[in-house]
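Please read the following report with the sequence and the coordinates open beside it. It goes from whole chains down to single residues.

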Amino acid sequence: MTNRAQWNSQQVEQVIASLKNSPGALLPILHGIQDTQGFVPPDSVPMIADALNQTSAEIHGVISFYHHFRTSPSGQNVLQICRAEACQARGSRELEEHVKTKLRVDYHATTLDQEFTLEPVYCLGNCACGPSIRVNDEIVGRVTNDKFDDLVDELTTVELGIMSLNSVASEKQS
Amino acid sequence: MSIKVYVPRDTTTLSLGGNKVASAIVKEAEARGEDVQLIRNGSRGVFWLEPMVEVETDQGRVAYGPVEARDVTGLFDADFLAGSDAHSLALGKPEELPYLKKQQRLTFARAGITDPVSIEDYKALDGFKGLEKSLQLNGQAIVDEVKTSGLRGRGGAAFPTGIKWQTVHDCPPDQKYIVCNADEGDSGTFADRMVMEADPFMLIEGMIIAGLAVGSTQGYIYLRSEYPVAHEILNEAIGKAYDAGYLGQTILGSDKAFDLEVRLGAAAYICGEETSLLESLEGKRGLVRFKPPLPAIEGLFGKPTVVNNVLSLAAIPYIMAEGGQSYADYGMGRSRGTLPFQLAGNIQQGGLIELAFGPTLRQLIDDFGGGTASGKPMRAIQVGGPLGAYLPESQWDTPLDYEAFAAIEAVLGHGGIVIFDETVDMTEQARFSMEFCVEESCGKCTPCRIGSTRGVEVIDKIRTGVNVEANLTLLDDLCDTMIHGSLCAMGGMTPFPVQSAFKHFPEDIDLAIAKSTSAEVH
């Protein structure tokens with residue numbers, strides 16, 4: 001866990017240096033940092049502030065405004081479930097429940113094994129083929145509970161596969 | 001000679017296994033020694049048939065769909081490479097599909113036919129004609145043509161595009177900006193995404209023309225981060241447009257310049273509001289600005305700025321190529337031209353349907369929808385995104401026209417149509433509208449920021465049977481405050497779905513109460 005929270009300040013410096021002179025540079029910089037580090041490290045805030053001649057409070061204010069930016073590392077996979085109306089009409093509320101039960105996490109949380117971070121999303125633009133989810137940069141349509149389970153199995157490492165099998169077995173027994 | 005096989009590369013096709021189908025075709029062709037050239041086109045928007053595979057034959061293109069990877073061997077066995085109709089997934093010529101044949105495609109004329117990042121394909125089907133004409137005209141003449149077309153902003157507010165352009169045109173020469181609003185956050189909409197994924201050069205062309213019209217040399221496309229596929233395709237297309245001399249310091253060798261860049265949003269619905277979008281582009285929190293000043297006069301970095309929706313800008317190449325009048329010849333009343341309607345939610349045949357304004361909602365659903373996906377009767381339709389009203393069946397005969405919808409306290413918005421079947425609990429939908437506003441309000445004005453939170457609480461009380469009559473009155477009062485006191489449409493329109501849900505579906509209140517009390521008993 002502590003390993004994964006590490007970040008490369010040299011890379012962050014490079015991102016900032018390459019973008020700081022473009023107009024309205026802050027969002028591109030934050031994207032650049034999150035894309036390379038997986039999150040926006042709180043300690044990078046003063047570096048950004050310094051480069052843009054702004055206060056750390058201003059930078060922090062922007063980071064906290066947008067749902068996309070995270071200030072701590074995510075799990076191996078970021079899993080977003082569309083909560084918007086078109087997917088609701090196709091049963092996304094039931095899917096949400098299934099996912100939360102299966103992964104044993106609520107939104108904005110990461111599974112204990114660090115495999116999945118669960119997030120809500122408001123529309124992926126796949127509204128004719130819902131319910132939709134996004135797994136990292138891939139969007140998956142017409143997701144049923146079974147299809148979701150298959151997907152999780154595909155993404156999960158062998159160890160977790162055994163763990164979840166065990167937990168399913170123990171749930172069945174009880 | 002190799003046989004051309006098309007498999008779309010848009011989000012919807014990919015979300016249904018498009019890449020697996022594409023690689024299965026390549027693999028199978030290799031195994032059989034067939035010389036196949038795979039082309040990744042855009043989608044035609046017939047999403048219920050995606051992944052729709054097309055083969056080029058002597059008689060034109062022949063379609064098969066919806067294809068899954070496991071169907072590929074069978075397609076080869078049935079000789080689909082020769083366009084055979086022996087396979088059960090054979091659809092015949094795609095342009096003969098009734099779903100497409102009944103449409104009036106002006107903006108989406110090329111969608112699904114071309115490789116989205118091929119300039120040759122684009123030019124072969126009238127691409128850059130409008131730009132070439134515009135380069136011969138002065139700015140005012142372009143603005144006049146757009147005024148003639150009657151085009152109104154397709155983001156939802158329906159403000160006349162020509163007038164907006166005129167305002168920016170009339171500002172003294174300065175650094176001016178063209179900003180494309182590609183923050184398509186409304187649930188039930190995907191037309192912007194389809195433009196960017198199926199025909200991005202059309203958007204690029206529209207933006208260059210806008211630059212010529214108002215005297216701007218810099219454009220930004222503000223794209224939502226939820227659209228990774230569109231992001232990739234847009235950037236590819238922009239790179240090619242630079243290489244071919246359509247973008248840069250000398251557009252097609254002229255003395256006109258235009259630079260274009262995609263800027264990524266960061267998951268904030270409010271950034272679809274134009275002033276909030278500008279704040280975000282400037283690198284700030286996406287807080288809504290007071291108006292005036294209008295963005296046309298003091299917009300991005302305080303400079304005159306055209307902010308247009310993707311669909312508005314995408315309509316420009318046709319208008320300039322064919323003339324504003326030929327666009328205005330479509331439509332009804334003050335709603336001129338076409339609108340790409342997007343059929344979504346619980347529907348059998350979801351997809352994009354471009355039609356002139358005028359048919360009724362019911363005609364659209366009956367002609368194209370094919371019933372609900374669940375097979376259960378339809379009950380409610382939300383038109384115009386999360387801030388649009390829920391319409392009961394008694395209102396489905398309303399013509400699809402901005403004014404006709406305004407008359408029933410509804411909006412056409414960006415053209416999204418979301419179908420719900422009879423299992424929907426409308427009080428739950430009303431609650432969600434308020435909850436969404438809590439989640440996405442920028443927080444600048446009190447009616448929106450606090451009103452939405454109170455809205456959730458009041459609706460929860462109603463749904464659990466606490467002082468129902470008094471709380472319904474309170475909810476109405478709260479909605480009034482939000483409508484009249486909010487700074488922008490987020491707080492000002494959130495009451496539309498809420499009030500329509502309670503007004504048209506009052507029977508759901510008792511059902512919700514009964515459900516909550518039975519839950520307590522158990």
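Predicted model: local features only at pLDDT ≥ 70, side-chain atom pairs only at ≥ 80, totals over all residues.

Residues are numbered from 1 along each chain as its sequence is written, and chains are lettered from A and ligands numbered from 1 in the order in which they are written.

Chain A has 8 helices and 5 strands, where helices (H or I, at least four residues) and strands (E, at least two) are DSSP runs numbered from the N terminus. Along the sequence these elements of chain A follow the pattern α-α-α-α-β-α-α-β-β-β-β-α-α. Of the 174 residues in chain A, 38% are buried; a residue is buried if 20 or more other C-beta atoms lie within 10 Å of its own, exposed if 12 or fewer, and partly exposed in between, with C-beta atoms placed from the backbone. Among the contacts in chain A with a separation of 6 or more, 58% are between residues 24 or more positions apart, two residues being in contact if their C-beta atoms, placed from the backbone, lie within 7 Å.

Between the chains, 34 residues of chain A are in contact with 47 residues of chain B. On the side of chain A that touches chain B, the elements giving two or more residues are α2 (26-37), α4 (56-65), α5 (85-88) and β5 (138-140) of chain A, and the largest share, 4 residues, comes from α2(A). By class, this side of chain A holds 21 nonpolar, 9 polar and 4 charged residues; Ala, Val, Leu, Ile, Met, Phe, Trp, Tyr, Cys and Pro count as nonpolar, Asp, Glu, Lys and Arg as charged, and the others, Gly among them, as polar.

**Domains of chain B**

The domain assignment of chain B, whose bounds come from an automatic or database domain assignment, gives domain 1 (3-101), domain 2 (119-328), domain 3 (331-421) and domain 4 (426-521). The centres of domain 2 of chain B and domain 4 of chain B, taken over C-alpha atoms, are 36 Å apart. In the contact of these two domains, 8 residues of domain 2 of chain B meet 8 residues of domain 4 of chain B, and the side belonging to domain 2 of chain B consists of 5 nonpolar, 2 polar and 1 charged residues.

How many of the 8 residues of α12(B) are buried? In α12(B), 8 of the 8 residues are buried, so this helix is largely enclosed by the rest of the structure. The buried residues of α12(B) pack against α2 of chain A, together with β6 (177-182), β7 (218-223), β8 (259-264) and β9 of chain B. After α12(B) comes B:Gly283, with a positive phi near 90 degrees.

The loop between α12 (274-281) and β9 (305-309) of chain B contains B:Pro304, which is buried, with 25 other C-beta atoms within 10 Å. Beyond its neighbours within four places in sequence, B:Pro304 is in contact with B:Val168, B:Cys171, B:Asp174, B:Lys176, B:Ala296, B:Ile297 and B:Gly299.

Helix α10 (residues 200-214) of chain B packs with helix α11 (residues 228-243) of chain B at an angle of about 60 degrees, their axes being 9 Å apart. The contact is made by B:Pro200, B:Phe201 and B:Ile204 of α10(B) and by B:Ile233, B:Leu234, B:Ala237, B:Ile238 and B:Ala241 of α11(B), and by class it has 8 nonpolar, no polar and no charged residues.

**Backbone details**

| Cis peptide bond | Omega |
|---|---|
| A:Gly130 to A:Pro131 | near -5 degrees |
| B:Glu50 to B:Pro51 | about -10 degrees |

A:Pro131 is found in the loop between β3 (116-121) and β4 (133-135) of chain A, and B:Pro51 in the loop between β2 (36-39) and β3 (53-57) of chain B.

A:Cys123 also lies in the loop between β3 and β4 of chain A; its phi is near 85 degrees, a positive value in a residue other than glycine. A:Cys123 is buried, with 28 other C-beta atoms within 10 Å. B:Asp126, likewise not a glycine, has a positive phi of about 75 degrees, and it is placed in the loop between α5 (119-124) and α6 (129-135) of chain B. With 15 C-beta neighbours inside 10 Å, B:Asp126 counts as partly exposed.

Methods. Axes fitted to C-alpha atoms, helices over the stretch in contact; angles between N-to-C directions.
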